[in-house]
Amino acid sequence: MDRSVAQGRRADPGTPPAPDGHFDPRIPRGLAIAVGLLLALGALAVYSVTYVDRYYDHFVWQAAAFLEGHAAIRFPVEAVDGLPGNARFQDVLPIATTDGVARGLLPFPPLPALVLLPFVAVWGLSVNDQAIFMVLAAIDVALCWWMIGRLPVGVVVRLATTVFFAFGTVFWYTAQISTTWYQAHIVAVGLTFLAIGIALGADRRAAADVFDDIDDDDDRDGARIEEVALEAPSGRSFGVEPRGFLAGLLLGLASTARLTVIFGAPFFAFVGPGDLRRRAWSAGLGAAIPVLGLVLYNVLTTGQVFHPAYDHLYRLETAGYPSLGYHADWGAEDPRYLAQNLGIALFGTPDLVPSTLPESISAHPTPVCVDPSDERGLFDVACPLAVPRDTGMSVILTSPAYLLAIPVLRRYGRSRLVTGAVLAVGFIALVNLMHFSQGWVQFGYRFSNDAAPFALVLVALGFERLSVRYRWGMLAAMSLVVLSLGINLWGVMWSRLLAW
């Protein structure tokens with residue numbers, strides 16, 4: 001197909017293209033909705049089977065405090081008569097009160113607690129918050145399917161990328177445990193999928209240059225360009241585009257669950273309705289509203305812009321866990337942490353042929369393979385072949401299908417979509433890697449959830465590029481996805497065996 005013709009012609013939105021080969025970016029809306037629903041139900045079933053019951057329910061206590069008219073939770077509260085307690089929580093800043101009730105402040109942004117408000121209002125402290133967020137995690141899988149469907153990729157790539165997200169990344173571990181820290185990830189990931197999908201839907205030309213260097217004679221590429229090369233809205237440079245504003249608003253809301261997500265904002269300057277200035281202005285204005293709301297919340301509840309409970313937590317952990325490499329004389333967010341944290345995120349490996357189980361299981365590491373005649377097994381707690389490290393493991397090792405982003409990185413600087421996604425992943429990762437803690441106790445590297453929606457854009461585009469350009473591309477890509485699924489199954493099973 002002549003690319004110049006394809007780029008200059010508006011696709012008929014009512015008639016799906018029928019190019020040669022596997023590429024067909026659109027399927028009937030009813031079928032797409034049905035597939036999304038099935039993916040969500042399938043994810044919920046798997047997450048339910050591997051579900052683990054844990055007692056970290058900080059946001060339940062936060063929601064209960066809000067219902068009482070307080071920002072500070074009741075703390076410490078001992079468990080009595082079957083009711084949950086929170087005296088075991090260490091990440092709470094005790095404060096003086098005027099109502100005679102011992103209370104403490106949580107450092108976490110409050111959006112997950114707001115999600116729980118109606119449930120806590122009905123069931124009180126006994127609400128099963130893990131089950132609620134496990135359902136939300138399954139909905140995130142459907143949102144991933146929806147978002148990838150707005151990219152110029154085929155149905156097979158769309159489905160495989162969604163399955164990779166659901167079961168081939170640390171999101172599976174996140175969903176099946178769904179305690180305090182993971183609840184924040186679940187909320188933020190879903191809102192970010194919505195933000196990206198809305199921006200893509202408002203800017204169908206964003207992907208027009210992703211595949212420009214592929215052979216002009218490739219009909220599938222021509223159809224791809226034809227599908228996405230729609231006109232961008234015109235108008236005043238600094239007028240507010242409603243869809244760009246909404247995308248920014250959703251990203252800002254995501255950051256009120258996971259702060260670092262806001263550093264994905266550059267994506268929305270490159271992708272969205274209008275030109276660069278309108279995109280940046282519209283999305284920036286939308287994101288500013290919830291971010292300023294969070295700042296106001298901090299000021300009203302603590303008297304400070306940055307929540308003081310973070311510093312309290314940092315001092316507790318640097319004193320309590322010296323083996324994790326924390327430095328009391330460094331900041332909680334410090335560039336000096338980059339080197340050691342990058343080592344975890346990119347090069348962390350499991351403990352191969354271990355002599356003990358991790359210290360997180362008990363005060364004293366548990367010896368394994370006591371009998372020299374024991375044979376090591378893949379899931380043998382008494383004598384394991386390998387055990388995940390509770391301090392974290394490499395993103396590439398635990399989710400090798402992320403390597404599928406590499407084929408499309410050559411379009412950085414030439415494609416708005418690729419450039420925006422790369423910058424979003426890079427900025428989020430940079431800020432996370434400067435944080436003193438990398439998410440202990442965990443399987444994999446849970447902070448990767450923050451950048452996952454943007455990274456999946458690159459994965460889907462790279463997957464499509466690989467499968468179109470090379471005969472072996474689809475098989476190679478699928479092999480990486482299947483390998484990712486197997487590794488995360490191994491990790492989830494070990495998290496259960498180790499009672500993480």
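Strands here are DSSP runs of E of at least two residues, numbered from the N terminus. In this predicted model, P76 lies in the loop between strand 1 and strand 2. The peptide bond that leads from F75 into P76 is cis, with omega near -5°.

Strand 2 is joined to strand 3 (residues 103-105) by three bridges, and the two run antiparallel. Within this sheet, P94 stands opposite G104 in strand 3.

A cis peptide bond also joins W440 and V441, where omega is about -5°. V441 sits in the loop between helix 16 (416-433) and helix 17.

Helix 17 (residues 448-469) and helix 5 (residues 129-148) have axes that come within 11 Å and cross at roughly 50°. The two helices are therefore oblique to each other, and helix 5 passes helix 17 in a right-handed crossing. Helix 5 contributes C144, M147 and I148, which meet P453, L456, V457 and A460 of helix 17. By class, this contact has seven nonpolar residues, with no polar and no charged ones.

Most residues other than glycine have a negative phi. S178, in the loop between helix 7 (171-177) and helix 8 (180-201), has a positive phi near 40°. S178 counts as buried because its relative accessibility is 0%, and the cut-off is under 20%. A499 likewise has a positive phi, of about 60°, and is found in the segment after helix 18 (473-497). At 52% relative accessibility, A499 counts as exposed.

Terms used: Residues are numbered from 1 along each chain as its sequence is written. This is a predicted model: local features need pLDDT of at least 70, side-chain atom pairs count only at pLDDT 80 or more; totals for chains, interfaces and linings use all residues. Side-chain values use heavy atoms; hydrogens and water are left out. Axes are lines fitted to C-alpha atoms, for helices over the stretch in contact, and angles run from 0 to 180 degrees between N-to-C directions. Helices (H or I, at least four residues) and strands (E, at least two) are DSSP runs, numbered from the N terminus. Angles under 35 degrees count as roughly parallel, over 145 as roughly antiparallel, 65 to 115 as roughly perpendicular and the rest as oblique. A crossing is left-handed if the near helix is turned anticlockwise from the far one by less than a right angle, and right-handed if clockwise. Contact means heavy atoms within 4.5 Å. Ala, Val, Leu, Ile, Met, Phe, Trp, Tyr, Cys and Pro count as nonpolar, Asp, Glu, Lys and Arg as charged, and the others, Gly among them, as polar. Two strands pair if DSSP finds at least two bridges between them. Buried means under 20% relative accessible area, exposed over 50%, partly exposed in between (1.4 Å probe, protein chains only).
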